[in-house]
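Here are some short notes to read beside the structure. Please keep the 3D view open while you go through them.

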Amino acid sequence: MNILDKIVKDKRVEVALRKKVIPIKQLENSVLFDRKTVSLAKNLRNSNTGIIAEHKRRSPSKSIINNSLNVQDVAKGYENAGVCGMSVLTDAKYFGGSLDDLLLVRASCNLPLLRKEFIIDNYQILEAKAYGADVILLIAAILTKEDIKEFSEFAKNLQLDVLLEVHNEEELNKSIMPSIDMLGVNNRNLKTFEVSLDISKALSKIIPDEFVKVSESGISSIEAIKELQPYGYQGFLIGENFMKTDNPGESARNFINDLER
Ligand SMILES: O=P(O)(O)OC[C@@H](O)[C@@H](O)c1c[nH]c2ccccc12
């Protein structure tokens, strides 16, 4: 079984348990649930840098990236750096994240927040809203066209933005629908961990103009961004390149300063 199938299998068990511990009504009654959300898509359209900075402690491809940081400091640092939004990994088993990370980040900054999660159930979208997210990620590789329609419409009804992630043409073709705000091209194959910016370049040509294009993973230089901008990319999701340093906020600030020069 490939790693992605394993993650999804574990996720189904996890979500079934979560539902028993915290009923839907409780999520809907939580303080953050009725909050006004902020749009990442709008921020990206109005930016000429478009950096979405991620909080990621570890990953199946790299094991430990950074285990010694305070998630609230990271959030404040990213906000001060002038990023357009922040992505917070909430998967515990493979990425060392949690919904509590998301909650702490929500309490520390006003950035649009992406819940970075393997979403397979509407319940996780309610959790995203209740713990402070503004945006959800949907991964085409683990969803059917019907799932994508159901989950994205459910998210839109909760005033959440939807970032749909693809890795090839077939995934892209089943994902194009009006309830999607942003199309993310993952440069990393989640089954083999191979990374190549060529994926973003190739797929950009068949992404319709109404979607904000986001390039995800393996971005570690200004040059990479300059290379991708002519292909129409307005968003760049960066995790490891910032998280591997002692001060991700400062790294992001230097990166953005260089980019604006
Ligand atoms: O750390 P990187 O290479 O900059 O990548 C960040 C982000 O794109 C990556 O964490 C990611 C993209 N899609 C995902 C789906 C699930 C988990 C993680 C991801």
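1. Start with β6. There, Val135 is the bridge partner of Leu114. Strand β6 covers residues 135–139; it runs parallel to β5, and two bridges join the pair. This is a predicted model.

2. Now the other neighbour of β5. Strands β4 and β5 also run parallel, joined by four bridges. Met86 has Leu113 of β5 as its bridge partner. Between these strands the chain passes through α5, and this β-α-β crossover is right-handed.

3. The next unit is built from β5, α6 and β6. This β-α-β unit is right-handed.

4. Are the two faces of β5 covered or open? Both are covered. Leu113 and Arg115 are buried on one side, Leu114 and Lys116 on the other. In a regular strand, side chains alternate between the two faces of the sheet.

5. Look at helix α5, residues 99–108. Leu99, Asp101, Leu102, Val105 and Arg106 are buried. They lie on the same side of α5, because they cover an arc of only 150° around the axis. Asp100 and Ala107, on the other side of α5, are exposed.

6. What covers the buried residues of α5? The cover includes strands β1 (51–55), β4 (85–89) and β5 (113–116). It also includes helices α4 (71–81) and α6 (122–130).

7. Last, the ligand. It is surrounded by 15 residues, the closest being Glu216, Ser217, Leu237, Gly239 and Glu240. The shell around the ligand holds six charged, five polar and four nonpolar residues. Both β10 (233–238) and α11 (240–243) supply at least two residues each to this shell.

Definitions and conventions:
Residues numbered from 1 in each chain as written. Predicted model: local features only at pLDDT ≥ 70, side-chain atom pairs only at ≥ 80, totals over all residues. Buried ≥ 20, exposed ≤ 12 C-beta atoms within 10 Å, placed from the backbone. Arc of directions from axis to C-beta. Contact = placed C-beta atoms within 7 Å. Near = placed C-beta within 6 Å. Nonpolar A, V, L, I, M, F, W, Y, C, P; charged D, E, K, R; others polar. Pairing = 2+ DSSP bridges. Right-handed = clockwise from strand over helix to strand, strands pointing away.
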